Amino acid sequence: MTSTPDTAPVRRVPRPRADALRNRERIVTAAREMFVEFGPQVPYDEVARRAGVGNATLYRNFPERLDLVREVVLSLMARVTELAERATEEEADTFAALRRFTHAAADERIGALCPMLDGAFDKDHPDLTVERERLEEAVQGLVERAQRAGRLRADVGVGDLMVAVSQLTRPLPGTACVNFDQFVHRHLQLFLDGLEAPARSELPGTAATLEDLRRDSCRRS
């Protein structure tokens with residue numbers, strides 16, 4: 001293709017090599033695991049060692065810690081969104097879909113990642129906004145579907161579900177994570193039993209929405 005005086009030649013942006021993409025994915029996976037185990041201040045060289053890459057590769061992909069934290073949160077939200085969508089598509093029973101999603105989301109240990117959203121973390125970054133909207137739409141669809149079918153009590157909201165998953169998947173201070181998952185799923189099942197319709201009691205307060213959780217997070221940050 002030739003250029004004319006009125007048109008500039010098109011510059012091709014090189015695509016990342018497959019090995020570079022694999023390295024990036026390995027870094028994000030390793031960081032997510034270590035954030036759960038040790039918190040978001042885990043040393044960079046430890047993340048690089050877990051990922052099987054050199055420190056230079058880690059810094060080339062994520063020069064600042066907040067860049068890595070944001071990528072981990074984006075990856076986590078995308079994974080949880082996919083879990084909600086797959087549960088909706090593959091489970092005919094609406095409450096079975098909700099139960100499947102809740103236990104699968106717990107396996108992602110989303111509660112242990114909550115502390116990294118405090119402080120200087122930019123919760124309104126455009127990429128996070130897009131991924132958060134996808135997640136909210138998917139989980140809201142699960143809840144509304146189960147309520148329309150009369151399988152989920154009507155006095156709970158998406159916020160109630162996400163608070164429970166978050167709190168029950170956050171290890172207690174000063175405790176190790178060994179065998180923690182067996183207690184998480186046991187307590188989640190107790191919680192889910194209380195969500196099924198018909199309701200066995202009247203709940204205090206009002207159903208929590210995702211907007212309620214956002215406002216509360218903004219007040220604490």
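A residue is taken as buried when its relative accessible area is under 20%, as exposed when that area is over 50%, and as partly exposed in between. In this predicted model, Glu85 is therefore partly exposed, with a relative accessible area of 33%, and Arg134, at 35%, likewise counts as partly exposed. The side chains of Glu85 and Arg134 meet in a salt bridge, with N and O 3.7 Å apart. Because Glu85 belongs to helix 4 and Arg134 to helix 7, the pair ties together parts of the chain that are 49 residues apart in sequence.

Salt bridges in the model number 14. In another of these pairings, the side chains of Glu108 and Arg79 come together at 2.9 Å, N to O, and distant parts of the chain are again linked, since Glu108 is in the loop between helix 5 and helix 6 whereas Arg79, 29 residues away, is in helix 4. Glu108 is buried, at 10% relative accessible area, while Arg79 is partly exposed, at 37%. Arg86, Glu90, Glu91 and Arg100 are joined in a network of salt bridges.

The largest nonpolar core comprises 53 residues, and those with the most contacts inside it are Val47, Leu68, Phe101 and Leu161. Among the elements that each supply at least two residues of this core are helix 1 (18–38), helix 7 (126–148) and helix 9 (180–195), and the greatest contribution, eleven residues, comes from helix 4. Apart from neighbours within four places in sequence, Leu161 is in contact with Leu98, Phe101, Thr102, Val139, Val143, Phe191 and Leu195.

At the start of helix 5, a side-chain oxygen of Asp93 comes to within 2.9 Å of the backbone nitrogen of Phe95.

An unreviewed UniProt entry lists residues 43–62 as "DNA-binding region"; in the model this span is 75% helix and 0% strand, with its end C-alpha atoms 13 Å apart. Phe62 is placed in the loop between helix 3 (55–61) and helix 4 and is buried, with a relative accessible area of 1%. Beyond its neighbours within four places in sequence, Phe62 has contacts that include Arg24, Ile27, Val28 and Tyr44.

Technical notes: Residues numbered from 1 in each chain as written. Predicted model: local features only at pLDDT ≥ 70, side-chain atom pairs only at ≥ 80, totals over all residues. Heavy atoms only, no water. UniProt positions renumbered as here; feature names shortened; annotations may be inferred. Helix = DSSP H or I, 4+ residues; strand = E, 2+ residues; numbered from the N terminus. Polar contact = N/O pair within 3.5 Å; in protein donor to acceptor, adjacent residues only side chain to side chain. Core = buried A, V, L, I, M, F, W, Y, C linked by side-chain atoms within 4.5 Å. Buried < 20%, exposed > 50% of the residue type's maximum accessible area, 1.4 Å probe, protein only. Contact = heavy atoms within 4.5 Å. Salt bridge = Lys/Arg side-chain N within 4 Å of Asp/Glu carboxyl O.
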